[in-house]
Amino acid sequence: MELPNKSFSLLREWSRFSRAIETTLIDNIASMAPWLAPVIPAYMAWHSMITSLLFPPMIAFAGALVVEFLGLSAVSTTFTFWDYNDSKRKTDQGAPVAVALITSIFYLAVILLVNVVLDNSPFVERLAKGLLSSLSVVAAVILALRSQHSRRLQAIEQEKTDRKELRLTRKDPASLPEISGKLPHGADWRKLTAEERGKVHQMTVQQIVAKYHVSERTARNWRASNDT
């Protein structure tokens, strides 16, 4: 009976190892593939600038890079502004999502014009080039979504840490200085003076984070508590 048990244990360990490798590999591919996707539309833009617009090769190369980088920035900025507007307080000024969205649409129009409209190939080939050109948009969306999800996971982990610290301080209030020294947090809202709370109301979230060494979520909660 001992040998089968060892075999089952070995198989279970191998299964865990395989799942870990699979998860890590997929995550690495998902994080790297979007950065490779713009290579295809960038090359097509470079080729079109040389053949149709008669740009010098180096200028065309720089232009292709500029177009793709601006497209990535435009889409990423659109999602960042969108996420900010969803989480901001009613009293905070909204981010200009519409402007960022217009720049993303303008980028798509430029890349389609350069890669498709200027091409004299048959319709099917131009359609294929148009679809390939859209890969950069898909890549930018994936990168923006992954970045937002990463920030959400960090916020969840930070919230768990905050709750753990709060539970420890409730159990043993005398250990608060020791706990604060070990955890990546600084001040406690309950220990701020009335004057300090008044100043918090005039500070931005980034200023609160920098001065009191708290998370952005905690800084927003401080401002909300101060408003009430």
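In the predicted model, Pro 41, Ala 42, Ala 45, Trp 46, Met 49 and Ile 50 of helix 2 meet Pro 57, Ala 60, Phe 61, Gly 63, Ala 64, Val 67 and Glu 68 of helix 3, where contact means heavy atoms within 4.5 Å. Helices are DSSP runs (H or I, at least four residues) numbered from the N terminus. The residues of this contact of helix 2 with helix 3 comprise 11 nonpolar, 1 polar and 1 charged; Ala, Val, Leu, Ile, Met, Phe, Trp, Tyr, Cys and Pro count as nonpolar, Asp, Glu, Lys and Arg as charged, and the others, Gly among them, as polar. The axes of helix 2 and helix 3 come within 8 Å and cross at roughly 140°. Axes are lines fitted to C-alpha atoms, for helices over the stretch in contact, and angles run from 0 to 180 degrees between N-to-C directions. Helix 2 and helix 3 are therefore oblique to each other (angles under 35 degrees count as roughly parallel, over 145 as roughly antiparallel, 65 to 115 as roughly perpendicular and the rest as oblique).

Residues are numbered from 1 along each chain as its sequence is written. In this predicted model, local features need pLDDT of at least 70, side-chain atom pairs count only at pLDDT 80 or more, and totals for chains, interfaces and linings use all residues, while side-chain values use heavy atoms, with hydrogens and water left out.

Helix 2 (residues 39–51) also packs against helix 4 (residues 97–117), at an angle of about 60° and with the axes 8 Å apart. This angle makes helix 2 oblique to helix 4. Pro 41, Met 44, Ala 45, Ser 48 and Met 49 of helix 2 form the contact with Ile 111, Val 114 and Asn 115 of helix 4.

Between helix 2 and helix 5 (residues 123–133), the packing angle is about 125°, and the axes lie 8 Å apart. Helix 2 is therefore oblique to helix 5. On helix 2, Ile 40, Pro 41 and Met 44 meet Lys 129, Leu 132 and Ser 133 of helix 5. The contact of helix 2 with helix 5 divides into 4 nonpolar residues, 1 polar and 1 charged.

Note on methods:
Helices (H or I, at least four residues) and strands (E, at least two) are DSSP runs, numbered from the N terminus.
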